[in-house]
Amino acid sequence: MTGGAVLVAGVGNIFLGDDGFGVETVRRLSTHPLPEGVEVVDVGVRGVDLAYRLLDGYRTAVLVDVTCRGGAPGTVHLIEAAAEPLEVPVLDGHRMGPDAVLALLAALAAGTGGEPPGRVLVVGCEPASLEEGIGLSEPVAAAVEAAVQVVLRVVDEATQPERETTPC
């Protein structure tokens, strides 16, 4: 295994307003002390690179990105990624969200024999604007700290030693 126990990856394009949410969240997360075995990376728009990186033996992957799920802008979601992506990925270097990365991951794992993470989560935030421009909208900027706290909780759970149970 070349990777650690947990990979946290910020996904997004900082030149498209709130699409920079994942990048800003991992930037802020990197200022927090993290347990050994946790790697935090800004992958930006490099979705293919992220898909290959996910084959490096991580037990858990947390992808941070904007998500459009119908909530109010700034709403943070914790989503368990589907084990079987439904669509073939569109290989567009500037628009590969977590769904496309995970679809590509399945194909790469089959072709290379690499091992994808056992668990993949997405910490997503409802965007207010994905128009060209640098900087997050007010509700999305306000949600960054909440997202950091969600990621820290997930990392804490993922890095806890396996608890042994004794029969009664």
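Contact here means heavy atoms within 4.5 Å. In this predicted model, the buried residues of helix α1 pack against β1, β2, β3, β5 and α4 (138-159). The protein chain has four helices and five strands, and buried residues make up 46% of its 168 residues.

**Overall fold**

- Along the sequence, the elements of the protein chain follow the pattern β-α-β-α-β-β-α-β-α.
- Among contacts between residues at least 6 apart in sequence, 81% join residues at least 24 apart.
- The accessible surface of the protein chain comes to about 9000 Å², and 54% of this area belongs to carbon and sulfur atoms.

**The sheet**

- Five strands form an open sheet in the order β2-β1-β3-β5-β4, and their pairing is mixed.
- The edges are formed by β2 (38-44) and β4 (76-80), each of which pairs on one side only.
- On average, neighbouring strands of this sheet are turned by 20° against each other, direction ignored.
- Strands of a sheet pair through backbone hydrogen bonds, in either a parallel or an antiparallel manner.
- Strands β1 and β3 (residues 60-66) run parallel and are joined by five bridges; within this pairing, Gly-10 stands opposite Val-64 in β3.
- Strands β1 and β2 also run parallel, with six bridges between them; here Gly-10 stands opposite Asp-42 in β2.

**Strand β1**

- Strand β1 is largely enclosed by the rest of the structure, because six of its six residues are buried.
- In a regular strand the side chains alternate between the two faces of the sheet.
- Both faces of β1 are covered: one side carries Val-6, Val-8 and Gly-10, the other carries Leu-7, Ala-9 and Val-11, and all of these residues are buried.

**Helix α1**

- Helix α1 packs on the sheet, where it touches β1, β2, β3 and β5 (119-125).
- The direction of α1 makes about 135° with that of β1.
- Helix α1 is mostly covered, with seven of its nine residues buried.
- The buried residues of α1 are Phe-21, Gly-22, Val-23, Glu-24, Thr-25, Val-26 and Leu-29.

**Salt bridges**

- The structure holds six salt bridges.
- Glu-24 and Arg-27 meet through their side chains in a salt bridge with an N to O distance of 2.6 Å.
- Glu-24 and Arg-27 are separated by about one helical turn, because they are three residues apart in helix α1.
- The burial of these two partners is as follows: Glu-24 counts as buried because its relative accessibility is 18%, under the 20% limit, whereas Arg-27, at 47% relative accessibility, counts as partly exposed.
- A network of salt bridges links Glu-24, Arg-27, Arg-28 and Glu-145.
- Arg-46 forms a salt bridge with Asp-49, and the closest N and O atoms of this pair are 3.9 Å apart.
- Arg-46 is partly exposed, with a relative accessible area of 42%, and Asp-49 is partly exposed as well, with a relative accessible area of 37%.
- The side chains of Arg-119 and Glu-80 meet in a salt bridge of 3.0 Å, N to O.
- This pair links distant parts of the chain, with Arg-119 in strand β5 and Glu-80 in strand β4, 39 residues apart.
- Arg-119 counts as partly exposed at 36% relative accessibility, and Glu-80 is partly exposed with a relative accessible area of 47%.

**Nonpolar surface patch**

- Ile-14, Phe-15 and Ile-134 make a nonpolar surface patch of about 330 Å².
- Phe-15 counts as exposed because its relative accessibility is 51%, which is over the 50% limit.

Methods: Residues numbered from 1 in each chain as written. Predicted model: local features only at pLDDT ≥ 70, side-chain atom pairs only at ≥ 80, totals over all residues. Heavy atoms only, no water. Patch = residues over 30% accessible without salt bridge, like charges linked within 9 Å, V, L, I, M, F, W, Y side chains within 5 Å. Areas by Shrake-Rupley, 256 points an atom, 1.4 Å probe, with all protein chains shown as cover. Salt bridge = Lys/Arg side-chain N within 4 Å of Asp/Glu carboxyl O. Buried < 20%, exposed > 50% of the residue type's maximum accessible area, 1.4 Å probe, protein only. Pairing = 2+ DSSP bridges. Helix = DSSP H or I, 4+ residues; strand = E, 2+ residues; numbered from the N terminus. Axes fitted to C-alpha atoms, helices over the stretch in contact; angles between N-to-C directions.
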